[in-house]
Amino acid sequence: MFQLVEKAYKYRFYPLKQQKEILEKTFGCTRMVYNHFLDLRSKTYKEEKKSINYNDTSKFLTSLKTKNPWLKEISSVCLQQSLRHLDRAFISFFKKKSKYPNFKKKRNRQSAKYMKTSFIYENDKITLAKMKEPLNIRWSRKFKDAPTSLTITKENDDTYYISIIVKEKIEPLDFKKKKIGIDLGIIDTITDSNGKSTKNPKLLNKALKKLRLRQKSLSRKLKKSKNRIKARKKLAKLHLYIKNKRLDFLHKLSWQLVNENQVIAAERLNIKNMLKNRHLAASISDVSWKQLITFLEYKSKWYKRIFFQVDTFFPSSKTCNSCGHKLATLALSVRKWNCPNCHIVNNRDENAAKNVLDKAITEIKEKYRGTLGNVSLWSLCKTFLEDPKKATNCESGT
Ligand SMILES: [Zn+2]
């Protein structure tokens, strides 16, 4: 039985002068609306201990438009979407999934979302609201159905992209009697419960080295100098290159994990710890981890796999997977350790991945004992395959 899922297709496009102007205006207006309501929501909460939700902000938007008539010059849909975007940022913060929302800056990457009513899709051409000409898109691959929404992005290096959301039918993958646990390491290395480790592609590591050099070079340039602007553009270009290379790598990795295994287990990421990581390398691995987890989450949902996350405070590295003996401490630098109880040599990451998998299986079985009884992991998986409603409760482990 197929599922209808939302898939994103991203393309580069080259706006005409007049289109650039309209987009600039749109980014400016959506940024203003976002920041205005972020400020309002924060203040109301601080001063009155009350929270404003999406519907409230939507009502206030009308009066904001009356006071600032220039807001009416762009598609109203984009302004509404900016409020939705802000609302999602707050929801994610309250769920402890991300940091408190930040103000949007002109200097950073800009984006605006268009819903069905604010663009025309005809003869493989897309024309945005307030524009006369269709966008000049470099079509690199095809999609079947009509787009339901799209997002326009202008990156820091002044390149433009369009991300098109299309609803597509997806068939679940065939049942596979295989399970895997993964341990997320520093700088894009993951080790799985089969002892296999996957490292960053070499090209990406090279670029990361270059990034460190360019960042240093930027910090040496005089403030507001032409050279500084140039250095910043160069840095932005490299950041974008790294991001795309990493996404490509993580897409392949997550697809491989989902394709080959019926059950995938990982640790839940701890945002509090992640925020403490101020180092460049560490902050970059944070981004990759988050991204990988997101990919695993939705791909498992698409292809009817079970993706389960266990608690971060579970001592996966310190516990011997063979006998269950728990060490009092284990320094980060120790990559291999001898179990004092059963004398087996444990490879740190592989041992952690095995523990994560075992813990996940115990928790999955426990969770469904009430409804499905004391069944094996595989018959549990088959039940989920046949009854997708039950599976939807299982991905996050909460
Ligand atoms: Zn042991």
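**Close-up 1. Contact of helix α2 with helix α3 in the predicted model.**

**Close-up 2. Packing geometry of α2 and α3.** Two packed helices are described by the angle between their axes and the distance between the axes. Here α2 spans residues 54-67 and α3 spans residues 76-94. The angle at which they pack is about 150°, and their axes are 10 Å apart. Angles over 145 degrees count as roughly antiparallel, so α2 and α3 are roughly antiparallel to each other. The crossing in which α2 passes α3 is right-handed.

**Close-up 3. Asp 158 in the loop between β6 and β7.** Strand β6 covers 147-154 and strand β7 covers 160-170, with Asp 158 in the loop between them. Asp 158 is a residue other than glycine with a positive phi, near 70°. Asp 158 has 10 C-beta neighbours inside 10 Å; because a residue with 12 or fewer counts as exposed, Asp 158 is classed as exposed.

**Close-up 4. Lys 224 in the loop between α4 and α5.** Helix α4 covers 202-220 and helix α5 covers 226-260; the loop between them contains Lys 224. The phi of Lys 224 is near 65°, a positive value in a residue other than glycine. Within 10 Å of Lys 224 there are 7 other C-beta atoms, and this residue is therefore exposed.

Terms used
Residues numbered from 1 in each chain as written. Predicted model: local features only at pLDDT ≥ 70, side-chain atom pairs only at ≥ 80, totals over all residues. Axes fitted to C-alpha atoms, helices over the stretch in contact; angles between N-to-C directions. Helix = DSSP H or I, 4+ residues; strand = E, 2+ residues; numbered from the N terminus. Parallel < 35°, antiparallel > 145°, perpendicular 65-115°, else oblique. Left-handed = near helix turned anticlockwise from the far one by under 90°. Contact = placed C-beta atoms within 7 Å. Buried ≥ 20, exposed ≤ 12 C-beta atoms within 10 Å, placed from the backbone.
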